[in-house]
Amino acid sequence: MSDTKPVVLLAEELSPATVAALGPDFEIRQTDGADRAQLLAAIADVDAILVRSATKVDAEAIAAATRLKVIARAGVGLDNVDIKAATQAGVMVVNAPTSNIVSAAELTVGHIVSLARRIPAASASLKAGEWKRSKYTGVELYEKTAGIIGLGRIGALVAARLQGFGMDVAAYDPYVTSARAQQLGVRLLELDELLAESDFITIHMPKTPETVGMLGAEAFAKMKDTAYVVNVARGGLVDEEALHDALVSGAIAGAGIDVFVSEPSTDLPFFGLENVVVTPHLGASTDEAQEKAGVSVAKSVRLALAGDLVPDAVNVAGGVIDPSVRPGIPLMEKLGRIFTALAEDSVTALEIEVAGEIASLDVKALELAALKGVFMDVVSEQVSYVNAPVLAEQRGVGTRLVTTSESEEYRNVLTIRGALSDGRQLSVAGTLTGPKQIEKLVAVNGYELEIPINDHLLVLIYHDRPGVIGSLGSSLGQHGVNIAAMQVARDEAAGDALAVLAIDSALPAGVLDEVRDTVGATIAREVNLAE
């Protein structure tokens with residue numbers, strides 16, 4: 001960290017554990033994100049903002065934030081964040097996708113038990129001075145069939161908990177394999193079969209055009225008239241008007257609903273029905289879920305402001321990064337910067353190759369790192385893992401990721417090849433060596449070498465002849481430039497040669513031209529990775 005700490009803005013109240021997870025390396029500021037004027041003033045010079053649901057981080061707010069690098073939502077939904085505007089601005093958006101899964105699963109079970117034993121209605125009756133035991137006779141869960149629509153993380157947790165009641169658990173999920181279902185102890189059924197067989201039906205699907213109204217009049221007609229429906233996932237998955245009709249007509253026995261098409265909702269027609277249990281979107285409303293969400297996004301903010309790729313950022317096509325792949329990310333970024341420094345013209349196409357042991361893993365993050373490095377020193381806007389693919393697309397630069405297990409000299413080799421607008425081809429390659437994983441440049445345009453990558457590199461291509469290296473060292477020495485390492489490669493004796501020098505400092509003004517003239521270089525480039 002530099003002497004000036006990055007600024008993190010807390011736009012809503014977050015737990016002390018969230019602040020503790022950020023650590024001492026940041027300046028923490030607070031504002032009322034629901035107050036628009038306060039937000040726009042406070043966000044102007046911050047590096048990160050943490051919000052819950054009350055703060056709207058839209059295109060206007062993002063435009064006002066000239067230093068913003070990451071927007072963190074301490075929760076699951078992102079309706080209050082303009083992801084498209086953030087991506088265009090190179091701002092990473094992160095949330096806490098797994099923070100509420102236990103809470104949501106437990107609330108689902110709570111609704112099922114409440115419906116089966118009529119707990120809320122019985123409680124209200126007794127509090128009203130009535131003692132009506134027979135009126136509130138319920139049903140057991142034991143040996144009943146639970147139908148789970150959507151066997152993802154929450155659905156799987158619900159399945160495990162309902163099995164503890166001795167229920168027969170079935171599921172519909174077109175993306176779950178029979179092997180996975182068998183592992184969970186769940187029967188996979190077609191949707192119509194599940195609707196017809198289940199005594200309790202709970203839906204855990206994402207909200208998409210295909211799933212909106214998934215449980216509507218047609219679905220209710222296929223259910224038992226003794227069936228109960230539960231939705232704690234997303235408002236709109238259950239058709240609210242059709243649900244009311246099904247409840248009133250007796251097509252189904254009852255429903256437990258936590259989420260609604262429009263929120264807050266306080267007066268929907270089915271709220272007055274005794275066979276309905278409703279809660280005000282409490283899926284993530286536990287102390288534990290709130291704490292997990294805050295701590296999770298605080299850790300993501302730390303990664304993002306350190307320049308690392310955040311595996312679960314919603315607008316980065318990275319995915320979980322294997323520990324074997326992660327050390328290659330900074331190397332690939334540096335190779336991208338070296339590529340740009342050596343290119344004499346704009347790039348029109350890029351091929352990123354990963355060769356060796358890690359080629360069998362998910363290496364998409366290395367492609368992102370290469371793009372970030374290629375564009376970092378040539379565009380005026382902030383370049384990040386988020387908007388680097390956008391910058392390539394805007395400039396008409398086609399990109400391709402290639403993997404191969406074959407690597408003859410090194411365990412892994414990372415290569416960037418590019419076509420330039422003047423018709424030339426350019427390539428740079430690097431690797432990591434030894435227990436300390438030293439970053440090394442191992443090839444430039446087919447010339448093979450092996451030299452550590454440090455902050456300052458000098459790259460020369462010239463006609464090979466006696467005395468060049470001596471005159472090069474003399475020229476640099478006269479200007480106080482120390483050579484830390486040097487490698488020379490050539491295509492053939494008395495042909496062209498490539499010299500790469502690792503130097504301890506940037507070249508003084510005019511020295512690069514002097515060196516070019518001294519050695520008669522056809523290409524002379526300084527690469528400054530310190531900035």
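How much space lies in the largest pocket? In this predicted model, the volume of the largest pocket is about 1400 Å³.

**First stop: the largest pocket.** Select Val76, Gly77, Asn100, Ala233 and Arg234; of the 44 residues that line the pocket, these are the closest to its centre. Next, display helix 5 (101-117), helix 7 (153-163) and helix 12 (287-305), each of which supplies at least two residues of the lining. Colouring the lining by residue class will show 19 nonpolar, 16 polar and nine charged residues.

**Second stop: the cavity.** A search of the whole structure finds one cavity of 30 Å³ or more. The largest cavity holds about 60 Å³ of space. To locate this cavity, select Leu342, Arg424, Leu426, Val444, Asn445, Val459, Ile461, Leu498 and Ile523, which line it. By class, the cavity lining comprises seven nonpolar residues, one polar and one charged.

Select helix 16 (residues 468-478) together with helix 17 (residues 511-519); their axes come within 10 Å and cross at roughly 160°. Because angles over 145 degrees count as roughly antiparallel, helix 16 is roughly antiparallel to helix 17. The crossing of helix 16 with helix 17 is right-handed. To view the contact itself, show the side chains of Val468, Ser471, Leu472, Ser475, Leu476 and Gln478 on helix 16, and those of Val511, Glu514, Val515, Thr518 and Val519 on helix 17. The residues of this contact comprise six nonpolar, four polar and one charged.

Conventions: Residues are numbered from 1 along each chain as its sequence is written. This is a predicted model: local features need pLDDT of at least 70, side-chain atom pairs count only at pLDDT 80 or more; totals for chains, interfaces and linings use all residues. Side-chain values use heavy atoms; hydrogens and water are left out. Axes are lines fitted to C-alpha atoms, for helices over the stretch in contact, and angles run from 0 to 180 degrees between N-to-C directions. Helices (H or I, at least four residues) and strands (E, at least two) are DSSP runs, numbered from the N terminus. Angles under 35 degrees count as roughly parallel, over 145 as roughly antiparallel, 65 to 115 as roughly perpendicular and the rest as oblique. A crossing is left-handed if the near helix is turned anticlockwise from the far one by less than a right angle, and right-handed if clockwise. Contact means heavy atoms within 4.5 Å. Ala, Val, Leu, Ile, Met, Phe, Trp, Tyr, Cys and Pro count as nonpolar, Asp, Glu, Lys and Arg as charged, and the others, Gly among them, as polar. On a 1 Å grid over the protein atoms alone, a cavity is a set of points where a 1.4 Å probe fits but cannot get out, and a pocket is an open set with protein on both sides within 12 Å along at least five of seven lines; lining residues have an atom within 4 Å of a point. Grid points are joined across faces, edges and corners, and a volume is the space filled by probe spheres set on the points.
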